Amino acid sequence: MMTGGDMQTIHDEMRAVSQMVVRLHATVLAVVGAVVTGMGLFLITVWLVLKGGPQVGVHLQLLRHYFIGYSVSWSGSLLGLCYGALLGGVLGWSVGKIYNGVLLMRQDRS
């Protein structure tokens, strides 16, 4: 049978493990976001350039309103890689920081 002291020890150990496992590394999340988003935009642009057609990437062309100089072309794919990496990195870092901040607030309450 477990005593009150044993239960408290188990509870403290579980809390310590959950605090260590749950934290996200914002830098790692930023790098992963940058690679995935940058390469995604690069590959989509290259695929549409290779596909060709009368109006190449009509919907993707709308990104030029947000990413200055971007177009569905070979040079646009490289610029899209840079813009995508920047956007993915910033979003990944932000998600990591916000998540860790919320986690810290919840841990302070308990």
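Here is a short walk through the structure above, from its overall layout down to single residues. Keep in mind that this is a predicted model.

Let's begin with the whole chain. It contains three helices and zero strands, so its pattern along the sequence reads simply α-α-α. Of the 110 residues in the chain, 24% are buried.

Now look at how two of the helices meet. Two packed helices are described by the angle between their axes and the distance between the axes. Helix α2 spans residues 26–51 and helix α3 spans residues 74–109; they pack at about 155 degrees, with axes 6 Å apart. Angles over 145 degrees count as roughly antiparallel, and α2 and α3 are therefore roughly antiparallel to each other. The crossing of α2 past α3 is right-handed. Sorted by class, the residues in this contact are 16 nonpolar, 13 polar and one charged.

Next, find the largest nonpolar core. Its seven residues are Leu 41, Leu 48, Val 49, Leu 60, Phe 67, Tyr 70 and Val 72.

Finally, turn to Asn 100, which sits in helix α3. Is Asn 100 buried or exposed? Its relative accessible area is 9%, and buried means under 20%, so Asn 100 is buried. Setting aside neighbours within four places in sequence, Asn 100 is in contact with Arg 23 and Leu 24.

Conventions
Residues are numbered from 1 along each chain as its sequence is written. This is a predicted model: local features need pLDDT of at least 70, side-chain atom pairs count only at pLDDT 80 or more; totals for chains, interfaces and linings use all residues. Side-chain values use heavy atoms; hydrogens and water are left out. Axes are lines fitted to C-alpha atoms, for helices over the stretch in contact, and angles run from 0 to 180 degrees between N-to-C directions. Helices (H or I, at least four residues) and strands (E, at least two) are DSSP runs, numbered from the N terminus. Angles under 35 degrees count as roughly parallel, over 145 as roughly antiparallel, 65 to 115 as roughly perpendicular and the rest as oblique. A crossing is left-handed if the near helix is turned anticlockwise from the far one by less than a right angle, and right-handed if clockwise. Ala, Val, Leu, Ile, Met, Phe, Trp, Tyr, Cys and Pro count as nonpolar, Asp, Glu, Lys and Arg as charged, and the others, Gly among them, as polar. Buried means under 20% relative accessible area, exposed over 50%, partly exposed in between (1.4 Å probe, protein chains only). Contact means heavy atoms within 4.5 Å. A nonpolar core is a set of buried Ala, Val, Leu, Ile, Met, Phe, Trp, Tyr and Cys residues joined through side-chain atoms within 4.5 Å.
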